[in-house]
Amino acid sequence: MGKVFKILTAGLLAGLVHSPANAALVSFTGDGNFSNVTNCSGGSPGCSITNNGNVLKMSGATWGGQSSTLTITDIAKTNVPTNKNDYVIGKITWVNLATYRTDQDFNVNYTFSLNFTSPSNAFDTVVFNLNIQQTTNPSPDNVFNISQATLNNLGPFTLNGVTVSDIHFVEYGDGWYDGNKWTNPECGTSTLKIVADFTADIHAPPVPEPSTWAMMILGFGGVGFMAYRRKRGGNALTAA
């Protein structure tokens, strides 16, 4: 029995020592929306916000009747491994169609919120007051006040075993971005991604997986049973 007791105890300790650090897995939602369009009155058609605040239709239209758009993609991810650099947490795609009847200089609010639910809860939000300049025919059009400095106010976040840092914009596609102004030529498609680094804290205590918890419970049960057997055996000898 002593040998069995030692095996159970060793297995229990092994489960505690070697259980993986699931605290390093990240779950989050990156949520954006447009609101409060102002000074967009001269173009035809004018500006509008659709799809629950995720799409801004800009003034003017192509000869096919389609307007230029800014489209927000909300991102929800669960159990993302850490030690990820430039991981995408949000993005806006600008389709700048060749238009007529634009000649607009208008404003719209863009709000981006970041909500973490694992390995611990954290939330923050930033608001950009975008100034959008559309001109008829000359290329390109511009979005001002999409400021890297404003986005830097989001985070960094210190979660349970994970640090989220270096949150910034990265441009992909036909346009370009200089830290405050986003430019896209006519007929161009440009995506401005919000990215971040997820870094695991090597000093964070490990959190066992469900299978490890099961092994630990069995180990505790086995140790308790062996202690009970020993106690009963001792009592029987005393009674004898």
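User: I'd like to learn how to read paired strands. How many bridges join strand S6 to strand S14?

Analyst: The general idea: strands of a sheet pair through backbone hydrogen bonds, either parallel or antiparallel. In this predicted model, S6 (residues 84-96) and S14 (residues 188-200) run antiparallel and are joined by 10 bridges. Pick Val95 and you'll find that its bridge partner in S14 is Thr189.

User: Okay, and what is the order of the strands in the open sheet?

Analyst: Read across it and you get S2-S3-S4-S6-S14-S11-S10, which makes 7 strands with antiparallel pairing. Strand S2 (48-50) and strand S10 (157-158) are at the edges; each has a single partner strand, so one side of each has no neighbour in the sheet.

User: Now the inside. Which residues have the most contacts inside the largest nonpolar core?

Analyst: Start with the general idea again: in soluble globular proteins, nonpolar side chains tend to be buried together. Here the largest nonpolar core has 41 residues, and Tyr110, Ile146 and Ile167 have the most contacts inside it. Elements giving two or more residues to this core include S1, S6, S14 and strand S7 (104-118). S7 gives the largest share, 6 residues. Zoom in on Tyr110: leaving aside neighbours within four places in sequence, its contacts include Phe34, Ile92, Phe128, Ile146 and Ile194.

User: Is Ser27 buried or exposed?

Analyst: Buried means under 20% relative accessible area. Ser27 has 7%, so Ser27 counts as buried. You'll find Ser27 in strand S1 (residues 26-38). Not counting residues up to four places away in sequence, Ser27 touches Lys77, Asn115 and Phe116, among others.

User: What about rings? How many aromatic pairs does a search of the whole structure find?

Analyst: The search gives 11 aromatic pairs. To read one, check the distance between centres and the angle between planes. For Trp94 and Trp182, the centres are 5.2 Å apart and the planes are at 80 degrees, so this pair is edge-to-face. Trp94 sits in strand S6 and Trp182 in strand S13 (residues 182-184), so the pair ties together parts 88 residues apart in sequence. Both of these Trp residues, Trp94 and Trp182, are buried.

User: And how are the rings of Phe128 and Phe169 arranged?

Analyst: Their centres are 5.9 Å apart with planes at 55 degrees, so that pair is tilted. Phe128 belongs to strand S8 and Phe169 to strand S11, 41 residues apart. Phe128 and Phe169 are both buried.

User: Which residue lies over the face of Tyr172?

Analyst: That's Lys193, at 4.3 Å from the ring centre.

Key
Residues are numbered from 1 along each chain as its sequence is written. This is a predicted model: local features need pLDDT of at least 70, side-chain atom pairs count only at pLDDT 80 or more; totals for chains, interfaces and linings use all residues. Side-chain values use heavy atoms; hydrogens and water are left out. Two strands pair if DSSP finds at least two bridges between them. Helices (H or I, at least four residues) and strands (E, at least two) are DSSP runs, numbered from the N terminus. Buried means under 20% relative accessible area, exposed over 50%, partly exposed in between (1.4 Å probe, protein chains only). Contact means heavy atoms within 4.5 Å. A nonpolar core is a set of buried Ala, Val, Leu, Ile, Met, Phe, Trp, Tyr and Cys residues joined through side-chain atoms within 4.5 Å. Rings of Phe, Tyr and Trp (its six-membered ring) pair if their centres lie within 6.5 Å; planes under 30 degrees apart count as stacked, over 60 as edge-to-face and the rest as tilted. A charge sits over a ring if NZ of Lys or CZ of Arg is within 6 Å of the ring centre and within 35 degrees of the ring normal.
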